[in-house]
Structures are given as C-alpha cells and as structure tokens.
Amino acid sequence: MLAGQNYVCGRALGTVAFLALRLGRPLFLEGEPGTGKTEIARALASGLGRRLIRLQCYEGLDAASAVCEWNFAAQMIAIRTAEAAGAADRSALEAELFDERFLIERPLLQAMRPQAGGPPVLLIDELDRTDEPFEAFLLEALGDFQVTVPELGTIRAAEPPIVILTSNRTREVHDALKRRCLYHWVDYPDFARELEILQARAPEAAETLSREVVAFVQKLRAEDLFKKPGVSETIDWAKCLLALDVIALSPDVIADTIGALLKYQDDIQRLEGSEARRLLDAVRDELATA
C-alpha cells in the first residue's frame with residue numbers, strides 16, 4: 001500500500017506501521033529531519049482513504065491551542081445582538097454563547113470527531129519541540145482517546161484515530177509517552193533504497209543522473225556537516241537539476257545548486273573550491289567500480 005503511494009520503505013518500517021494499524025497503537029517515529037517520518041502519515045492517509053489531521057508542534061504549545069478555542073469575536077457579536085433585542089435571561093445567553101457553533105476546533109478535537117470514511121490519521125509532528133507539560137497532556141488524550149472542554153464536558157472518540165508521532169530528537173521525549181507507542185528509528189536509507197525513492201519521486205530523471213545524485217548525497221553525509229541533507233533534500237536537488245536540464249553533475253552545477261542540499265553557510269563553504277570536485281571524483285570512481 002505504501003509503495004502504491006510512492007512511499008518506499010524497508011521491511012522493518014512497513015511491519016511496525018502494519019502493527020500500529022492492526023493493534024490500534026500510536027506509532028512513534030524518531031530520526032533525523034528529512035528521512036520521511038512526516039511523509040508516511042500522508043501516505044497512510046492517502047492509501048487508506050482517510051482524512052489527515054496534522055498538529056504541528058512548537059515551543060509553548062498548550063492543550064487549549066491543540067484542542068479548541070472559543071470564537072471570541074462571534075460571541076461578542078451574539079452578546080451585542082442579544083442586548084439590542086432586549087434579551088434578559090442571562091443563563092440562557094451564557095448557554096447559547098458556549099454552544100458548539102462558537103467553537104473553533106483544533107487538531108486534537110477534530111481527530112476525536114467521527115469522519116467520513118473512517119477514523120482519521122492524526123499526525124503529531126515534531127513532538128520534541130514542545131515541553132513536558134504538553135507531553136503529560138498527550139498521555140491522557142492518547143491513553144483514552146478523549147479530550148475535555150470545560151464548558152462542554154468530555155468528548156471521546158467513537159473510533160480512535162490512527163496516531164503518528166514524530167520527533168527529530170532535539171530533546172528526549174519522556175519514556176511514559178514512548179511506552180504507549182510502537183517505536184521505530186527512521187535512519188538515512190542506503191544507496192539502493194534512496195535510489196529507489198528518487199526514481200519513485202522524480203521518475204523523469206535519467207538513470208545516470210539519479211545514481212550520481214544519490215551517490216553524491218550519500219558521500220556528503222559522511223562529511224563533518226552541521227546539518228546533513230535528508231532524503232527530501234535529495235529529491236529537491238534532483239528536481240532542481242532537472243529544471244536546469246542538467247544531464248550530469250559537475251563542480252559548477254554543484255556550486256550553483258548546493259542551496260537545495262545544504263541550508264547552513266558553514267556547510268556550503270566546506271564545498272567551495274576543490275572540495276566539490278574531490279567528492280564528485282570519488283563518487284564517479286565508486287560508481288565505475290560498482
């Protein structure tokens with residue numbers, strides 16, 4: 001199914017994804033940025049015909065921002081309208097103001113609602129960007145698949161969503177949360193798998209160019225870089241080369257397009273001068289003897 005969505009993965013990742021679906025357990029994916037952790041949630045949602053709901057984590061994210069908010073502007077308009085109409089029943093007005101039509105649902109509450117086609121795929125992306133209080137909140141939300149809105153009460157999912165959590169490991173996520181999930185470390189792929197991924201995502205690239213691109217990126221990851229390029233950067237670089245009608249790598253082409261691969265100036269400076277030529281020569285020697 002994943003291959004049908006152009007998502008190429010190894011047997012281990014395919015197996016743990018299958019078990020997460022079969023057992024109804026959250027799937028916790030950890031690894032370097034750009035290795036396909038987020039993309040598997042999109043592939044699962046597309047392959048299963050389910051809605052994808054994404055909660056993008058960030059520093060300072062709290063339960064209210066992840067669950068729901070009240071539409072304050074709409075509530076104020078309702079108050080002004082009631083006052084103009086001479087409404088005097090305060091209790092009735094309060095009950096009306098906290099009706100669900102004034103509720104702005106955020107990802108966690110959306111995921112608890114029934115969805116056409118079946119339970120959605122809930123992607124909690126880059127969990128390591130949040131703090132421990134939010135992790136503690138997730139323990140309850142994902143343990144019972146329910147959230148509490150003080151004005152409305154507890155809302156429980158009739159059918160639990162398919163939950164994918166990702167982390168770039170900028171900090172350690174608490175063991176209590178990991179224990180409730182199936183875990184998999186998503187590593188950089190080897191040459192053969194990355195070539196297969198590139199051929200699936202950029203099929204218009206010639207075989208020779210694809211092999212050079214993948215081999216060069218693999219060689220680059222062995223260098224002492226601040227941020228190593230992920231698979232997503234490999235695909236972006238190949239598409240940049242295709243847009244320039246490049247048929248083979250050269251030091252000049254690498255220098256002109258290196259911003260698609262590397263995102264820090266210190267890393268880019270390492271490839272200036274003869275360094276790019278040295279790496280390219282090493283790549284061609286390895287491909288020639290492969």
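Leu220, Glu223, Leu225, Arg270, Leu271, Glu275 and Leu279 line the largest cavity of this predicted model, and the volume of that cavity is about 30 Å³. Local features here need pLDDT of at least 70 and side-chain atom pairs count only at pLDDT 80 or more, while totals for chains, interfaces and linings use all residues. Residues are numbered from 1 along each chain as its sequence is written, and side-chain values use heavy atoms, with hydrogens and water left out.

**Cavity and pocket**

- On a 1 Å grid over the protein atoms alone, a cavity is a set of points where a 1.4 Å probe fits but cannot get out; a pocket is an open set with protein on both sides within 12 Å along at least five of seven lines, and lining residues have an atom within 4 Å of a point.
- Grid points are joined across faces, edges and corners, and a volume is the space filled by probe spheres set on the points.
- One cavity of 30 Å³ or more is counted, and its lining has four nonpolar, no polar and three charged residues (Ala, Val, Leu, Ile, Met, Phe, Trp, Tyr, Cys and Pro count as nonpolar, Asp, Glu, Lys and Arg as charged, the others, Gly among them, as polar).
- The largest pocket has a volume of about 980 Å³; of its 42 lining residues, Pro33, Gly34, Thr35, Gly36 and Lys37 lie nearest the centre.
- Elements giving two or more residues to this pocket's lining are α1 (11-23), α2 (37-48), β9 (182-186), α9 (191-201) and α11 (231-243) (DSSP runs numbered from the N terminus: helices are H or I with at least four residues, strands E with at least two).
- That lining divides into 15 nonpolar, eleven polar and 16 charged residues.

**Leu109**

- Leu109 lies in helix α6 (residues 107-112) and counts as buried because its relative accessibility is 0% (buried is under 20% relative accessible area, exposed over 50%, partly exposed in between, with a 1.4 Å probe and protein chains only).
- Leaving out residues up to four places away in sequence, Leu109 touches Ala66, Val67, Cys68, Leu103, Val147 and Ile155 (contact means heavy atoms within 4.5 Å).
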